[in-house]
Amino acid sequence: PNGLDVEVWRVYNSKILKDRQSGNPVVQAYHQSWVGLGWTMHMGMVHNYSSSTPIIEFPDGRLETAYPNNYGLGTSICLTRDFMKYDKTTVPPFTYPKLYFKNGVVWTFGATATITRADGTSDPVRLVTRIEDPYGHHIDIVYNPGLPTIQTITDSTDRVVTFVTSGTPKKLTQIVATDANGNDRVFRYSVGSYSNNYHRLDNFTPPMLPATTFEYLDGSLSRYELSRMTTSYGGVLEYSYVDQTFYFNITPLISRVVSQKLITFDPGN
């Protein structure tokens, strides 16, 4: 209704390793993500939510910091550079932090979770539990308690999208969406593991199509990046990476970067 649609993003970021000045690289990505190392799938979250500069992560992977305002809006209000308004007010169970967009859409962050990184550090986050438009239509998201993994999304016409997981830590196995005729559309995920139990997305199978498959570097020297993807239609994308030194003033930092993307769109060419 009124254009309020459910959008579920699965995003890959090859920036798996921290920049470093020397020594061995350290994994900064969430190594046991429910959709695999380097991959994220969520409906919106906020990091550093108790600080004066919370960081909003959007489903497409963008990060935006919200800063203390100078407009007399109160100490609980922070603004982004795009003038989105983040209200940190929390009085459970009635009031939760909200993000106000300029088009009238409002996100409510009604759940909390903790994401653990490979080095043992943790990242407490708030998760979007409701998306509402100016006409009162809303989408509701339910999570596994204390985890950033989605259980269900209910759209504004009460249709339910169900996320099926397995194991501990959880791995996504299916997304089941029921259409207007009552038929299930099943999106299947195969999330495997490296020998050290880091998660790895091996393939994704949409309805009515062959699987899209993913291949990665073997993890030696902490190199886990995506190296090859073969799509449902047979197209192939291959990625190569190198260590590149960047200078910030006179400080060198070694960064792992993409050096080449090779696309095979016609067999043999």
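**A salt-bridge network and its surroundings**

Guide: Arg 256 and Glu 225 are both buried, where buried means under 20% relative accessible area, exposed over 50%, and partly exposed in between (1.4 Å probe, protein chains only). The model is predicted, so local features need pLDDT of at least 70 and side-chain atom pairs count only at pLDDT 80 or more, while totals for chains, interfaces and linings use all residues. Residues are numbered from 1 along each chain as its sequence is written, and side-chain values use heavy atoms, with hydrogens and water left out.

The side chains of Arg 256 and Glu 225 form a salt bridge at 3.0 Å, N to O; the term requires a side-chain nitrogen of Lys or Arg within 4 Å of a carboxyl oxygen of Asp or Glu. This pair connects distant parts of the chain, 31 residues apart: Arg 256 is in strand β23 (residues 251-264) and Glu 225 is in the loop between β20 (212-216) and β21. Strands here are DSSP runs (E, at least two residues), helices are runs of H or I with at least four, and both are numbered from the N terminus.

Arg 256 also forms a salt bridge with Asp 243, at 3.6 Å, N to O. Because Arg 256 lies in strand β23 and Asp 243 in strand β22, this pair ties together parts that are 13 residues apart in sequence. The relative accessibility of Arg 256 is 12%, which means that it counts as buried, whereas Asp 243 is partly exposed at 33%. The salt-bridge network links Arg 20, Arg 223, Glu 225, Asp 243 and Arg 256. By this rule the count comes to 14 salt bridges.

Another of these pairs is Arg 62 with Glu 64, whose side chains meet at 3.0 Å, N to O. Arg 62 is partly exposed, at 40% relative accessibility, and Glu 64 is buried, at 14%.

Next, a sheet. Five strands form an open sheet in the order β5-β4-β3-β12-β11, with antiparallel pairing. Its edges are β5 (63-65) and β11 (111-116); each has a single partner strand, so one side of each has no neighbour in the sheet. From one strand to the next the twist averages 30 degrees. Within this order, β3 (residues 45-47) and β4 (residues 55-57) pair in the antiparallel sense over 3 bridges, pairing being assigned if DSSP finds at least two bridges between two strands. Met 45 has Glu 57 in β4 as its bridge partner.

Some backbone details remain. Most residues other than glycine have a negative phi, and most peptide bonds are trans. Asn 197, not a glycine, has a positive phi of about 75 degrees; it is found in the loop between β18 and β19 (199-205) and is partly exposed, at 48% relative accessibility. Asn 2, also not a glycine, has a positive phi of about 55 degrees. Asn 2 sits in the segment before β1 and is exposed, at 54%. The peptide bond from Thr 168 to Pro 169 is cis, with omega near -5 degrees, and Pro 169 lies in the loop between β16 (160-166) and β17.

Ser 33 lies in the loop between β1 (11-12) and β2 (39-40) and is buried, at 11% relative accessible area. Leaving aside neighbours within four places in sequence, Ser 33 is in contact with Trp 39 and His 199.

Key. Contact = heavy atoms within 4.5 Å. Axes fitted to C-alpha atoms, helices over the stretch in contact; angles between N-to-C directions.
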